[in-house]
Amino acid sequence: MTKGTNTNLIAGLIGLALSAGFWFSLEEISRMSIIFPKAMIIIMAFISVCQIISGFISPERVRLFGEGDHLRAFVTGITLFAWVIAVSWVGFYVSSVIAFSFLVYYLALARRSVTLAQLASWVVIIAVEVGVFYLIFSRLLYVPLPKGWLI
Amino acid sequence: MELFQETFLQLLHPYIIILIFSGVTAGLFVGAMPGLTATMALAVLLPFTFTMPPLEGLVALGAVYMGAIYGGSFAAILVNTPGTPSSIATAFEGYPMAKEGRAIEAIYVATISSAIGGIAGVLFLLLLSPPLARLSIKFGPAEFFWVAMLGLTLIASLSEGSLLKGLLGGSLGMILGTIGVAPIGGETRFTFGLPVLQGGVEMIVALIGLFVLPELYNMATQGKAALQEVSISSERGVSFFSVLKRVLSMPGNLIRSCIIGEIVAIIPGAGGNIANLVAYNEAKRTSRHPEKFGTGVIEGLVASESSNNVTVAGSMVPLLTLGIPGAPPDAVILGVLLLHGLRPGIELFTTSGKLTYGFIISMGLAAIAMVPVGLMGGRLIYRVIFKTPYYFLVPTISLATILGSFALRNSITDVLIMIILGTIGYLLKQVGIAPAPIVLGLILGSIAEIGFVQSLLRGTAYPYPILKLFENPLSHILIAMTLFSGAWPYISALYKRLKGRIKSKEES
């Protein structure tokens, strides 16, 4: 038996689900505003159906999330979301140093063991690096970075 | 001629020269890192140009683009891992040369060929853009609709994976592009009750998310950013000028590779990743000793590096004239043009001529700047890159993407949209739907929508207004090209199957 997931079928089903999602969120507005999105949804649904059919006729089998440790990608994603949400509450600089340090520590564990002394030295480097970015954007490029409770 | 002189003189300002050199250096850094593409280099460094005037911003990004494509050759030569997909064929010859202790010679060859390719691309752009821009005046709404469709089918058929998956990604991008206020009609669509979506998905935010985040997740998953380097200490003595003489002694190879690069560059969605392989194959096919290819032959390296750098300026031909990005990095350049209120077409070459020609010529200067930057800073850049651990690289790039998305409109929501799109892009990539067709669909969507709706409005006198889309001879040509590009993957697959059958029959 061939290993792997039928990606043609999965892609087709995702396309069909997205088409349905967009179709049911359409509101009653004027024809000129809605005609193109409607046409595109129908086209996407048609392509998705073709993709599903090709999934039955000539399936392309690929091992989804095959190589590497996908938990690391998941944790990275969650950290990014938490980082961005924390920026408005805690402030850009502090939240960035915390999230950056956590990511460095977590990702480094995949390659080596990390001692407390190493981590402390990394945090200093990170504080300087984020500080440089902070100064460039806030002082040089005049971007009002979120301040939050701290900075 | 006066315009050229004026434009050239404004580029000789020390600040512009510094911008060119720093842009090439920054691009070289990012491009030399395996896994980081030229698109990523542009997307990550984009925020630094937000506060610059249009010309300076474009000059800096053009230099970054040129440097990133050239930078890909460093990793290809030294670690057998193409820094960008544009340097795949460079690794075929460059790495064997490095293993023989000829790494510096290979870097010299790549530098000279890249500079020649970069300058050739600028010349092509200067020659081809104005006539094509004049032709674009003849384009009405229906033609623009078909140009967008042609771009979409070309992108879908040339991008990685199957045509259907490419089309699926493209149509998803087009729907994402319709979020917000309708360009004709003025009502909002797909806002899901969120007022923030009324302004639509900001193109640069989508670009950063879809191009950068999937690569970051990938680096986190793999747990590495670079591979083992070869030792370059045991260098055989070789002078830059002797290498220059050898490269210039193969004009046929250079001219052929530059022409191939330009042809591929004009096709939307293709770019350096295809050009370098086609040029390398042609160099091998026409060589007097094709059997030696793969063992460190300079001809192959010259073909790959000159053709991929032609595409930098060359792929701007459809971008500056029709608003269709020739390669994914051009999408970022388009975003910057639109950000400054500049619309592709004839006006770019007339009303904004000084700016446009300034940008084009600056890319030629960036190609020349690659020589001193690559030769003097190459070793240093290389050492810094391979000493930066991946666990510092991922958060650093994350920080730059967060800052870049925020700086655009000072909006945290934009950053969240960037992360959501990037995460979706990563998941879709797992099932074979690449981010490039989604982004290009997002860009082409607005061109297609305006063309489609305006055609329908102009055709209201017809019993079926949609027939307006099929009325003009120019539309017929574009429809034929669209159908051909859509059918091409199937035609070529059929041809290969038939060829295989004939071969097996002959053998039996």
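## How two helices cross

In this predicted model, helices α3(B) and α4(B) cross in a right-handed way. To find them, look at residues 38–45 of chain B for α3 and residues 54–79 of chain B for α4. The two pack at an angle of about 150°, and their axes are 9 Å apart.

So which residues do the touching? From α3(B) come B:Ala38, B:Ala41, B:Leu42 and B:Leu45, while α4(B) brings B:Leu61, B:Val64, B:Tyr65, B:Ala68 and B:Ile69. Sort the residues of this contact by type and you get nine nonpolar, no polar and no charged.

## Charged pairs

Now for the charged side chains. Side chains of opposite charge can pair when their charged atoms come close. How many salt bridges does a search of the whole structure find? The count over all chains is 11.

One of them joins B:Arg102 to B:Glu100, with the closest N and O atoms 2.9 Å apart. Are the two partners buried or exposed? B:Arg102 counts as buried because its relative accessibility is 12%, under the 20% cut-off. B:Glu100, at 37%, is partly exposed.

## A link between distant parts of the chain

Next, find B:Glu202 and B:Arg409, which form a salt bridge with their closest N and O atoms 3.6 Å apart. Where do these two sit in chain B? B:Glu202 lies in the loop between β2 (188–189) and α9 (203–222), and B:Arg409 is in helix α18 (residues 390–409). They are 207 residues apart, so the pair links distant parts of the chain.

## One more pair

Finally, have a look at B:Lys468 and B:Glu471. Their salt bridge has its closest N and O atoms 3.0 Å apart.

Definitions and conventions
Residues are numbered from 1 along each chain as its sequence is written. Chains are lettered from A and ligands numbered from 1 in the order in which they are written. This is a predicted model: local features need pLDDT of at least 70, side-chain atom pairs count only at pLDDT 80 or more; totals for chains, interfaces and linings use all residues. Side-chain values use heavy atoms; hydrogens and water are left out. A salt bridge is a side-chain nitrogen of Lys or Arg within 4 Å of a carboxyl oxygen of Asp or Glu. Buried means under 20% relative accessible area, exposed over 50%, partly exposed in between (1.4 Å probe, protein chains only). Helices (H or I, at least four residues) and strands (E, at least two) are DSSP runs, numbered from the N terminus. Axes are lines fitted to C-alpha atoms, for helices over the stretch in contact, and angles run from 0 to 180 degrees between N-to-C directions. A crossing is left-handed if the near helix is turned anticlockwise from the far one by less than a right angle, and right-handed if clockwise. Contact means heavy atoms within 4.5 Å. Ala, Val, Leu, Ile, Met, Phe, Trp, Tyr, Cys and Pro count as nonpolar, Asp, Glu, Lys and Arg as charged, and the others, Gly among them, as polar.
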